[in-house]
Amino acid sequence: MTSRLGDGGRLINRARPLGMRFDGRYIRAFEGDTLASALLANGHLLMGRSFKYHRPRSVVASGLEEPNALLGVGEGAAFTPNVRATTAFAEDGLTMTSQNAWPSLETDIGVVNDWAARFLPAGFYYKTFIHPRPLWKHLFEPVIRKAAGLGAAPQEQDPDRYEYTYAFCDVLIAGGGIAGLAAALTAGRRGERVMLVEQAAHWGGRAVVDGAEIDGQTAADWVKDALEALEKMENVSLHLETQASGVYDHGYVLLTEALKGAGPAERVWRVRAGRIVAATGALERPLSFAGNDVPGVMLASAVRDYMVNYGVSPGDRTVIVTNNDDGYRTAITLLDAGLHVPAVIDARDGADSALIRAVRDRGVRIHEGRGIAKVLGRNRVKGVAICLQAGEGAVLQEIACDCVAMSGGWSPVVHLWSHCGGKLNWDDARAMFRPDPDRPPLGADGTAMVTCVGAASGALSPAEVLATVDGAPEAATEECAPIKPVWLMPQGAGPELRAKAFLDFQNDVKVSDVRLAAQEGFESVEHTKRYTTLGMATDQGKLSNINGLATLAGALDAPIPQVGTTTFRPPYTPVTLGALAGEARGELFQPLRKTPIHGWHEAHGAHWEPVGQWRRPYCYPKGKESQEDAVAREVRATREGLGLLDASTLGKILVSGPDAGRLVDMLYTNMMSNLKVGRCRYGLMCDENGFLMDDGVVARIAEDQWLCHTTTGGADRIHAWMEDWLQCEWWDWKVHALNLTEQFAQIAVVGPKARAVLEELGGLDVSKEALLFMGWVDGTLAGHDVRVFRISFSGELSYEVAVRASEGLALWEKLHEAGAAFGVTPYGTEALHVMRAEKGFIMIGDETDGTVIPQDLGLDWAISKKKDDFLGKRGQMRTHLTDPDRWKLVGLETLDGSVLSDGAYAVDDGTNANGQRKVQGRVTSTYHSPTLGRGIAMGLVRRGPERMGEVLTFTAPRDGRVEARIVDPVFYDREGERQDV
Amino acid sequence: MLLLTCPHCGLAVEETELSPGGEAHLKRFGPGSDEDAFEEYLFLRDNPKGPTLERWRHSYGCGKWFIAARDTATNRVFGTYPAQTGGPPDWIVKAMEAVR
């Protein structure tokens, strides 16, 4: 039975008791407790159920490597699943719930999986749920989905805030143990800008728990002095509860910091470090014996942590099982606390050191060359059966105990070293992968970007640890007997025992699973990992990976370094999604671009359409009017009287210079250099493949100046496209391109009354004779400097008026005032789309998709035959693009007047090689035309323009079919009389 | 995340300030070129493991294009230079050859 010791516990404050609940039961804790230490202190050994077999589990570790003790914490919106009980701190009133158990943690139905374990080996799902096929959809998949996943996702919006911050330093030191502190002192004294980060809430790491003599002081005193010295250095910053989660290219490091109190819950630091020192320590490995997952079996170092840090007894009788000296340290700690150590089971023969002698001298029986055949007990340890380590598991003796402390050796935490490609060497003598200093991850200058110091470099004792740090003091040396690698206990364990010897506790991967994978041909460690799910749980194999790959190496009869490790990927431990999102949620999710008239649209009930980062009014519903009705009203009002559109988002790029004409001739498919000043021309831009990428009206402003209008979404892209060619290909041309999109507001004044309203404003002659169709003029309207283009995207008489952005709203409002008599109506993007479709005008992104050339759209007239070269000309000469069978633009009219589905296919006779129905065209734009009172559409159809009048069958939702006739794409005012009045 | 020095501003800039532009020093083939040359220009890229020359634009800074000599395997950067040139300067060629 675990319990609180009468005294001790360096991290808890016994003067500050707290109360919490675990599955409804009351838990007493002290300030400074972790959830795990509090549960243990209350005798709650059972903390969860394993993922696959629902085996009862308790803590095995004391830090963030913990695979078993994952809890749901908090309630309602503040609920967080999968919290590691070993790293979360006790809080008064906190609610904890167990996971993966039903109906309760003690009586869990899912445990039937454990009884059936022999039928659920590695790859069970891949092998089983194949036949009969129909069962997959209705039986297998629903059942597997229900079983999948660990913990419950919170149902409400996260009430916490998160934030990002940025920092730069010369050296970032990850890990605040004695190695990290010593490295910080050295770098700090050199005057470097130092960031020292420690993931735990306390400095000093293992040395202060295990005790060491540094520079003649105790470890605890030395740590205290070191911190005082560091705090005085202005060039050093210290960060507790901050983890270096990942190292990325060129010294970029991601830190995650847990925060307390009001304000953000977590902070993500994005740090650019000159170099990185990984003082990340080492993790103790479990031993693989049958029943090593039974509650009460813990890492030897974890037992010391619970006793020394939290004053928690792991049980009255603790058996130590070890293959190195570290287990003996735990024996001493237990004995010092007055607890009983019935036996130390040491897999080694004849190991001898001061530590071993000290334990023996205190009367503890040491079983040399022995191992654990199996752990007795199911919901908690009741005893162990001892066997020969060299044998097959014949039981020599049973020893009653309530805790087993195991030590399988130490693995350096090399993650930060390996994230950017640092290589490892296998050290046989120490049985560990160590960083190879000759193959480090490289920084921008080609030198080592990360160095490992202390236990992370493979050092074991405090003396060795400090010897790896330049300028560090010396620690007292201690005698140490060598480790004996033990990957299976006993080494000849048969199938029965192997099937209960766990490697990956969270994902329930056993020695038998890895052996089976090897037998079935999964020789690569990366394949074995995925087949067995070894190391793929939320702990990412911190405890299991080395044991797993050593087991694989054994099964393959290959040396461990030949099998190698799986890839180390950031983050080191899971980072909450909230922390990664930071401030980017709600209104701050992304920046919003607003036209000068945005506020007016908002005040007049605009329904918004996102266009890139702009918001454009889709339509302006009045009262309870539906969006469809609003669009129809806006179209009719514009066609019959006067409509206004905020066209400010349209791209406006001014191309100037002696070679400006040369540039626009290369950019556009048509000739632009011969455009006369004062005139406009519609132009097309293609990429080098020949595919149409943007369109718009070009106005020649002066002899050496062209104003290129682009689509709303294309403005930045096309400007970048121009810059690319100007800077990288034609850098000797005297021309520059300026993106003026946001400098001007632009208002489309559209409809039969457009001229009348402009005349009402006064100041500019906009008569048919003075301002010809496709012309532009500068002047004043109602006191505003304006440039008026007489261009039309609706087929109506239309002017686009550009004005300084700061005057956009004023002009817009004056147009409304003056237009009241003409029934002025603001219209949105949908009315714009309907009107352009009625006129058969194409829209980039509807009629084009990156595989369409202008010739497909009947725009041959806009492709110059006189020019030797333009971007896309060579591409369009390729055979596939000149194929007469290409799908080309046509209009489509349903026989019943209905509206075709967007993207619907025109079916053809026969089927293709995959047995799918052949197709011969598709719908690219489709609308209800309020003007014509029927559905209209445009589409791309094989040899379409040659097939006028033909009736095609189109797909419709729910396997429906609709017939439509191929017609001219211009549905309205074919002669163009309305725009030229 | 790479840290590259923009040769126009002289600043070491974060990758998030930059837009990538692929292989540098491509020769453009337009009308009149044969199929093979055009295919090479439009589609075929070296994509080496090791030193390479690649285009970057300091999009969220000065807006200028430059070329970075970078080892794709180790991310070592040999240097950067403005894009307005037909090929890499000698000192970059020498640095790249030293690791090949």
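1. What percentage of the 100 residues in chain B is buried? The share of buried residues is 25%, where a residue counts as buried if 20 or more other C-beta atoms, placed from the backbone, lie within 10 Å of its own.

2. A word on the source: this is a predicted model, in which local features need pLDDT of at least 70 and side-chain atom pairs count only at pLDDT 80 or more, while totals for chains, interfaces and linings use all residues. Residues are numbered from 1 along each chain as its sequence is written, and chains are lettered from A in the order in which they are written.

3. Chain B contains two helices and six strands, arranged along the sequence as β-β-β-α-β-β-β-α; helices (H or I, at least four residues) and strands (E, at least two) are DSSP runs, numbered from the N terminus. Along the principal axes, the C-alpha atoms of chain B fill a box of roughly 40 × 30 × 25 Å.

4. In chain A, the domain assignment, which is automatic or from a database, includes domain 2 (160-284 + 410-469) and domain 4 (598-649 + 743-836). The centres of these two domains of chain A, taken over C-alpha atoms, are 62 Å apart.

5. Where the chains meet, 20 residues of chain A are in contact with 21 residues of chain B, contact being defined as C-beta atoms, placed from the backbone, within 7 Å. Helix α22 (residues 715-728) of chain A gives the largest share of the side of chain A that touches chain B, namely four residues.

Methods
Buried ≥ 20, exposed ≤ 12 C-beta atoms within 10 Å, placed from the backbone. Contact = placed C-beta atoms within 7 Å.
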